[in-house]
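Please consult the sequence and the coordinates alongside the text.

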Amino acid sequence: MVQIENEARLNVDVDLPIASEDDPFNPLFDKIIRPCLAELVGVMFFVFVGCSTLLSGSLVATALAHGLTIAILIAGFGSISGGHFNPAVTLGVTLANAIHPVIALGYFVAQIIGGILGAACSRGMMNSTIFEAGGGGLQDITTRVATPGQAIFCEMMLTAFLVLTVLMTAVDSKTKSHLAPFAIGLSITVDILIGGGLSAASMNPARAFGPALVISYAKDPWTHHYVYWVGPLLGSLFASILYRLLFASSEKRLIFK
């Protein structure tokens, strides 16, 4: 009896600080801050896994780690932010008229910060000798067979494949699928298996920029860094054009409506 009375007293006396539905901060947090934080944290884990796996020296392990990680992150955060985790994907979704440009800008900033944090976390868990010997997860064409022009074209085609997969399986209302996380993750795995030895198969400026910045204390990573911006952004543009002209559902298609 005493226990019941104490519980009743707690229910009456304790006023928990729960925000009301009319709190003007709630829409701001749910629509902008929370999605941006999801993108930041998602990219942080993605880059952390990517940088750490590259130290294995195995192309297959690298491809599987990147693909599985992005599939897991999309499954977890997709309902919050859409699960872009890539400025090139955000550009494609913006051009597909599926996200407001202002929110897309917030995503872009969050993704870049997440990439830096992910690379820094990878550096933090190993000593400098191991980190530098493995290149710090840096994606560069210096040790690869492709010229800068070929690497840009490779990144463009790989990114176009990725972004078109995102648009068709996760964005378009008529073709989206519950298998989107698996399809997107698998597209990244396939891309890395195809282009890993040519351009490093970045497809993601945030994935390239974070490790470049973190390893810059030990080496110059900037000579060909532009490849990992120009190629993915051109690929995103190419995929968006294909989508809006040919493959989008009728309400989003620009021609043949």
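The points below cover a helix pair, a loop residue and the aromatic pairs. The model is a predicted one.

**Packing of helix 3 and helix 8**

- Helix 3 (59–81) and helix 8 (residues 180–195) pack with their axes 8 Å apart, at an angle of about 160°.
- Because angles over 145 degrees count as roughly antiparallel, the two helices, helix 3 and helix 8, are described in that way.
- Their crossing, that of helix 3 and helix 8, is right-handed.
- On the helix 3 side the contact includes Leu59, Val60, Ile70 and Ile74, while the residues of helix 8 include Pro181, Ile184, Ile188 and Leu193.
- By class, this contact of helix 3 with helix 8 comprises 13 nonpolar and five polar residues, with no charged residues.

**Asn86 in its loop**

- Asn86 lies in the loop between helix 3 and helix 4 (87–95).
- The relative accessible area of Asn86 is 3%, so the residue is buried.
- Not counting residues up to four places away in sequence, Asn86 touches Glu39, Gln111, Leu162, Met203, Asn204 and Pro205.
- Asn204 is 118 residues from Asn86 in sequence, yet their C-alpha atoms are 5.4 Å apart.

**Aromatic pairs**

- The whole structure holds four aromatic pairs.
- Phe77 and Phe85 form an edge-to-face pair, 6.4 Å centre to centre with 75° between the planes.
- Phe77 is partly exposed at 24% relative accessibility, whereas Phe85 is buried at 1%.
- Phe209 and Trp229 are also edge-to-face, because their planes stand at 75°; their ring centres are 6.5 Å apart.
- Phe209 belongs to helix 9 (residues 205–215) and Trp229 to helix 10 (residues 227–247), so this pair ties together parts 20 residues apart in sequence.
- Phe108, Phe209, Trp222 and Trp229 are linked by ring pairs into a cluster.

Technical notes
Residues numbered from 1 in each chain as written. Predicted model: local features only at pLDDT ≥ 70, side-chain atom pairs only at ≥ 80, totals over all residues. Heavy atoms only, no water. Helix = DSSP H or I, 4+ residues; strand = E, 2+ residues; numbered from the N terminus. Buried < 20%, exposed > 50% of the residue type's maximum accessible area, 1.4 Å probe, protein only. Contact = heavy atoms within 4.5 Å. Axes fitted to C-alpha atoms, helices over the stretch in contact; angles between N-to-C directions. Parallel < 35°, antiparallel > 145°, perpendicular 65-115°, else oblique. Left-handed = near helix turned anticlockwise from the far one by under 90°. Nonpolar A, V, L, I, M, F, W, Y, C, P; charged D, E, K, R; others polar. Phe/Tyr/Trp six-rings, centres within 6.5 Å; stacked < 30°, edge-to-face > 60°.
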